[in-house]
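I opened the model to look up strand pairing, helix packing and confidence. My entries follow.

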Amino acid sequence: MASQEVLWPIYQIQKLDAQIALLQRARGALDDGAALAAEVTQHRGDILSLQESLRQVDRAIRERELELASLEEKLQKVEAILYSGKVTNPKELRGYEGERESLRRRRERLEEETLIRMEEKDSLNERLAAAQKVEKEAYARWQAHVAKFRADVAALDAKYAKLVAERDEVRARADSELLRRYDQLARQRKQLVGLVEQNACGACGMLLPARLVKEYQVNPDAELTCPTCSAHLLWRLPGADSARPA
Ligand SMILES: [Zn+2]
């Protein structure tokens, strides 16, 4: 059993601990921006792979351009021979003409392939620009989020430190035996003190029997417990000794 005066600090500790637990939950629920960071990483990966595709396309275009240049050279040589008039043998002439045709066909194919690669390059460049824009926006979102997260953490940590200091100060002057019992119950998520409000126990919320209320009214110093949850009943707050619950 415990008097109203010793129950008061315990009740304060109980309330502060509840607020501290709420803060810890809020702190744990804060989003540190990991999902947004993963999004940025994903976009950066997209950019790298597009850049790699662009390098490959550039290489393919360069290869075809080199091949075209050497083809052009061969074609000019064959045409020079054909137009020189030096080759008169019909069989030899047909041979050169055949070579010219095959070189021309090869040139046409290479030019078509180069054109396709050029179009591919244009589309890759467009996709790269879009990916870079998306990455930039995602990065800005992540930065803003992290800035807010850090501010939120700092604010919650400051509140937490203040509440813990306040609670420890109350603990220092609380009854040690009750404190021990309080800690025991807290571990089981139970409350040691129930503040009586409108004839109900603040620990479990149940309405107190009329006889118990009467008992208190007859003897305000009676040390009573809640018949439902066994919490010590705190009927009045300090400085309101004469006040009676409604
Ligand atoms: Zn109760």
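**Entry 1: sheet.** How many bridges join strand S1 to S2? I found two, and the strands S1 (residues 193–197) and S2 run antiparallel. I looked up a residue pair there: Val-196 stands opposite Cys-201 in S2. This is a predicted model, and I read it as such.

I then traced the whole sheet. It is open, has three strands with mixed pairing, and its order is S2-S1-S3. S2 (200–201) and S3 (232–234) are the edge strands; each has a single partner strand, so one side of each lacks a neighbour in the sheet.

**Entry 2: H2 against H3.** I went to helix H2 (residues 34–84) and helix H3 (residues 90–172). Their axes come within 7 Å and cross at roughly 160°. An angle over 145 degrees counts as roughly antiparallel, so H2 is roughly antiparallel to H3. I noted the crossing of H2 and H3 as left-handed. The contact of H2 with H3 has 26 nonpolar, seven polar and 21 charged residues.

**Entry 3: H1 against H3.** I turned to H1 and H3 next. They pack at about 160°, with axes 9 Å apart. H1 and H3 are therefore roughly antiparallel to each other. H1 passes H3 in a left-handed crossing. I listed the residues that meet. On the H1 side they include Pro-9, Leu-16, Ile-20 and Arg-27. On the H3 side they include Val-153, Leu-156, Tyr-160 and Arg-171. By class, the contact of H1 with H3 has 12 nonpolar, two polar and six charged residues.

**Entry 4: H1 against H4.** Are H1 and H4 roughly parallel or antiparallel? I checked helix H1 (residues 4–29) and helix H4 (residues 176–187): their axes come within 11 Å and cross at roughly 30°. H1 and H4 are therefore roughly parallel to each other. The crossing of H1 and H4 is right-handed. In H1, I noted Val-6, Ile-10, Ile-13 and Asp-17; they meet Leu-178, Leu-179, Tyr-182 and Ala-186 in H4. The contact of H1 with H4 divides into seven nonpolar residues, no polar and one charged. Ile-13 and Asp-17 turn up here, and I had them in the H1–H3 contact as well.

**Entry 5: confidence.** I looked up pLDDT last. The protein averages 94, and 96% of the residues score at least 70. Where does pLDDT stay under 50? I found this over residues 241–246. For residues 241–246 the model has nine contacts beyond four places in sequence. Where pLDDT is low, the predicted coordinates should not be read in detail.

Methods: Residues are numbered from 1 along each chain as its sequence is written. This is a predicted model: local features need pLDDT of at least 70, side-chain atom pairs count only at pLDDT 80 or more; totals for chains, interfaces and linings use all residues. Axes are lines fitted to C-alpha atoms, for helices over the stretch in contact, and angles run from 0 to 180 degrees between N-to-C directions. Helices (H or I, at least four residues) and strands (E, at least two) are DSSP runs, numbered from the N terminus. Angles under 35 degrees count as roughly parallel, over 145 as roughly antiparallel, 65 to 115 as roughly perpendicular and the rest as oblique. A crossing is left-handed if the near helix is turned anticlockwise from the far one by less than a right angle, and right-handed if clockwise. Ala, Val, Leu, Ile, Met, Phe, Trp, Tyr, Cys and Pro count as nonpolar, Asp, Glu, Lys and Arg as charged, and the others, Gly among them, as polar. pLDDT is the predictor's confidence in each residue, from 0 to 100. Two residues are in contact if their C-beta atoms, placed from the backbone, lie within 7 Å. Two strands pair if DSSP finds at least two bridges between them.
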